[in-house]
Amino acid sequence: MRTRMRTYVTAAAVAAAATAGLTLPAMAAGPAPTTGDFNGDGYADLAVGVPNGTVNGKAKAGYVNIVWGGSKGIGAHGSIRVSQATPEVPGSPEAGDRFGSSVALVDTSGDGMAELLVGTPGEDVTDRGKDAGSVTAVGGAKRGTGPGSVVLNGPSASAAFGLAVTSTDVTGDGSRDIVIGGKDKVVLRTADGIYTTVLTAPMGGRAPVLTTGDFTGDGTDDLAVGYWTTTPFTQSHVRLWAWDPAEQSMANTWNTDNAGVSALASGDFDGDGHDDLALGECREIADENIDDPCGPEQMATGGGIHVHYGNATPGSFGSRRQTLNQDTVGVAGIAETGDRFGAALAVADINGDGRDDLIAGAPGEAIGTRAAAGAATVLFGGPTGLVDAYDEGHSVAFNQNTARVPGAAEPGDAFGTAVATGDYNHDGKADLAVGSPGENSGSGGVWLLPGASANGSFALTPAKLGLPSPTSALAYGRYLGNR
């Protein structure tokens with residue numbers, strides 16, 4: 001089942017739009033189906049990976065903090081920690097496991113209760129070697145956690161399976177499949193137990209970037225992968241794969257080469273009923289591509305976002321493209337080297353107009369003289385996508401110096417390192433979560449903006465949540481679980 005926010009956000013985030021200077025029609029709010037609900041109470045929850053956390057005295061064994069949603073919003077209803085010390089979770093905590101390096105809350109079983117998918121790239125696997133890595137699925141439960149099981153272990157030493165994980169139905173059978181990324185490989189585990197390799201390539205230790213969407217327009221989700229190769233020389237790629245039922249494997253359907261990305265996201269930004277693909281912090285790796293895979297070179301300053309649009313013509317995905325950055329008219333901020341605009345992406349229909357909006361993190365953004373304080377920007381979709389007919393964007397930006405946003409912008413906060421969305425109080429409006437792992441000398445925090453507005457915003461920090469060692473370098477907020 002498709003679970004992007006547009007399937008259940010039906011009300012306008014009026015306060016956010018007003019901040020952006022937009023006028024919206026009045027719309028009636030109404031809750032709709034909930035995704036990311038780990039405890040089955042009808043409210044979306046937030047998974048925060050804390051791979052730097054110490055568990056049972058084991059440094060960087062790692063854990064996941066699940067913060068409960070509820071009628072009073074996320075953070076008002078407590079949270080739990082899930083680790084390999086949790087009885088239902090297989091394995092045992094060991095130094096350097098880094099459990100929580102990737103997280104997702106998805107209903108893989110179809111019972112209406114989300115499972116937690118967790119990557120542990122530092123896991124040592126018997127007979128396979130050190131840092132083979134692993135991905136674990138932990139069942140949801142009304143209290144605590146349900147049974148857990150290993151989805152897949154890495155095949156060999158240093159494979160680091162679990163650097164990336166996502167889940168969707170790529171086979172079209174109505175059940176969710178799981179995609180796992182390691183250092184040099186991306187693999188698929190289908191719901192009926194088929195294991196197939198999507199991609200093998202020397203990635204130089206970098207995690208592949210994953211997202212899903214129906215890019216072929218056949219009603220079934222496809223897989224998008226961004227990755228770097230280092231042999232025989234540095235190259236970068238964004239490629240799409242679709243399920244081939246005859247071969248029972250994934251088939252490569254579309255490529256753009258020499259495009260380096262830090263994030264990918266899919267959504268229907270122009271409202272035409274076809275999924276589009278956003279490339280975050282897109283930059284050309286070498287000047288050998290005359291096609292400018294990330295758009296005009298000047299638009300990559302500070303990090304550019306390049307969008308390939310879907311359409312109704314088979315085989316023509318991506319033929320229409322747009323590029324924007326912080327120098328685009330209507331986009332908040334100024335493009336400066338090191339901003340990293342688009343280093344994190346999330347999608348939701350924030351203003352309830354039936355078109356998806358894109359949330360872009362810029363963890364390197366300087367706020368005044370405060371280097372790398374960070375920011376997050378909501379880029380509103382429209383009839384022509386994220387850029388209108390006049391080549392202008394429409395946006396609203398948030399940082400810790402924004403009025404009514406708590407805290408203060410400080411050097412190195414890296415606000416916007418991760419972004420996520422969910423209807424955490426089930427009021428029919430998309431809420432925005434922004435990670436700031438550099439906050440409080442690296443202890444970190446997550447900022448919640450209800451309805452994607454500064455009004456009523458608040459911060460969740462390890463100290464407020466009662467997490468162990470709250471003043472240590474937990475980097476809380478670096479890894480947020482998108483659905």
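Modeller: In β9, T168 has D177 as its bridge partner. Strands here are DSSP runs of E with at least two residues, numbered from the N terminus. This is a predicted model, where local features need pLDDT of at least 70 and side-chain atom pairs count only at pLDDT 80 or more, while totals for chains, interfaces and linings use all residues. Residues are numbered from 1 along each chain as its sequence is written, and side-chain values use heavy atoms, leaving out hydrogens and water.

Biologist: How many bridges join β8 to β9?
Modeller: Five, and the two strands run antiparallel, with β9 covering residues 177–181. Two strands count as paired if DSSP finds at least two bridges between them.

Biologist: And what is the strand order in that open sheet?
Modeller: The order is β8-β9-β10-β11, four strands with antiparallel pairing. At the edges are β8 (164–168) and β11 (195–200), each pairing on one side only.

Biologist: By how much are neighbouring strands turned against each other?
Modeller: By 20° on average, direction ignored. The axes are lines fitted to C-alpha atoms, with angles from 0 to 180 degrees between N-to-C directions.

Biologist: Switching topic: which cysteines does a disulfide join?
Modeller: C282 and C294, with S to S 1.9 Å; the rule asks for cysteine sulfur atoms within 2.5 Å. C282 lies in strand β18 (residues 276–284) and C294 in the loop between β18 and β19 (304–309), so the pair ties together parts 12 residues apart in sequence.

Biologist: Why is the disulfide left-handed?
Modeller: Because the torsion about the S-S bond of C282 and C294 is about -65°.

Biologist: Are C282 and C294 buried or exposed?
Modeller: Both C282 and C294 are buried, meaning under 20% relative accessible area, with exposed being over 50% and partly exposed in between (1.4 Å probe, protein chains only).
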